[in-house]
Amino acid sequence: MRAWVVDRPGPMASRPLALVEREVPEPGPGEVLVRVEACGVCRTDLHLAEGDLRPRRPRTTPGHQAVGRVEGTGERVGVAWLRSTCGRCRYCVRGMENLCPHSTYTGWDADGGFAEYLVAPADYVYPLPGEPPAERLAPLLCAGIIGYRALARCDLPPGGRLGIYGFGASAHLTAQAAIAQGATVHAVSRSADSRRLALELGAASAGDRPPEPLDSAILFAPVGTLVPPALEALDRGGTLAVAGIHLTDIPALDYDRHLFQERTLRSVTANTRADGRAYLELALAHPPRVTTTAYPFEEADRALADLAADRVNGAAVLVLS
């Protein structure tokens, strides 16, 4: 089979990915072999390729938003970021498996969906309907799920004012979920295309800063310098949730401007399977508008380069069939 691997992590200009030939993997006990139809391209994949996220194994195949068919049964499934947890630690027992210290991740600890086949534990894949195009389903598996958890972590009150910083794959799905709940959404993005998309999806504003104090905010852009202004834009008692796995350094905070009046800064770490099931049930019952930019499988490196340069509108997706 063909598979992309992170050959030498570095800037996309250095071409860190390589397209290679590999044997089709063999599923072990409790695993399934999935023939990939499409795989979303996530900023986490970019962090791995460029070395911001330290590789855990050599020549790993990225990708953790894979839609495909189980070999032997034809069942359509989604393979997402969370690959396994121990099920025994205090975090797993408390229903917080996203914090399990023994957790493993698709496309980081094990080869992911930038390949024609991948294996995954059967208990960690999600059943998917057979009818919708794989290109439309793939972004739900990370962009959608992590946005769903971020929305819960930012403590948005009913009818509240939500700021979204960085308007890419996760943000455009999260904004729709928040608006459907009655929120007023303000998008902050440097991309003209992203601003247009935000307004088309129902955002009240899209620009350099929110026009009014915010009850809650989510930072999707991996830019630490955005944390102070995002905190400052919060109203009293507001919460900022940082949704990325990687963030550049945060500048010094001024207590009075950024944190006083009980503003809260919190992180979002992966997701639980319960998050995934709840979001997919919601999204499949009430499908959001999924804006995608499709790339042939052979152009995974171009997809990541476009993502790095903010040239992707909505979610980038590799299409294999």
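Guide: A salt bridge here is a side-chain nitrogen of Lys or Arg within 4 Å of a carboxyl oxygen of Asp or Glu. This is a predicted model, where local features need pLDDT of at least 70, side-chain atom pairs count only at pLDDT 80 or more, and totals for chains, interfaces and linings use all residues. Residues are numbered from 1 along each chain as its sequence is written, and side-chain values use heavy atoms, with hydrogens and water left out.

Visitor: How many salt bridges does a search of the whole structure find?

Guide: Take Asp310 and Arg43, whose side chains meet at 3.5 Å, N to O. Another is Arg161 with Asp235, at 3.0 Å. Search the whole structure and the count is 24.

Visitor: How many residues apart in sequence are the parts that Asp310 and Arg43 tie together?

Guide: Helices and strands here are DSSP runs (H or I, at least four residues, for helices; E, at least two, for strands), numbered from the N terminus. Asp310 sits in the loop between α10 (300-308) and β17 (315-319), while Arg43 is in helix α1 (residues 43-50), so their pairing links parts separated in sequence by 267 residues.

Visitor: Is Asp306 buried or exposed?

Guide: Buried means under 20% relative accessible area, exposed over 50%, and partly exposed in between (1.4 Å probe, protein chains only). Asp306 forms a salt bridge with Arg302 at 3.6 Å, N to O, and both lie in helix α10, four residues apart. Arg302 is partly exposed at 40%. Asp306 has 9% relative accessibility, so Asp306 is buried.

Visitor: Which residue has its backbone nitrogen reached by the side chain of Glu97?

Guide: Glu97 is in the loop between α2 (90-93) and β7 (104-105), and at 10% relative accessibility Glu97 counts as buried. Its contacts (heavy atoms within 4.5 Å) include Tyr124 and Thr272, leaving aside residues up to four places away in sequence. At 2.7 Å, the backbone nitrogen reached by the Glu97 side chain belongs to Arg273.

Visitor: Over the face of which residue does Arg273 lie?

Guide: A charge sits over a ring if NZ of Lys or CZ of Arg is within 6 Å of the ring centre and within 35 degrees of the ring normal. Elsewhere, Arg56 has its charged end over the ring of Trp108, 3.6 Å from the centre. For Arg273, the distance to the ring centre is 3.9 Å, and the ring is that of Tyr124.

Notes
A polar contact is a pair of N or O atoms within 3.5 Å; within protein, one must be able to donate a hydrogen and the other to accept it, and residues adjacent in sequence count only if both atoms are side-chain atoms.
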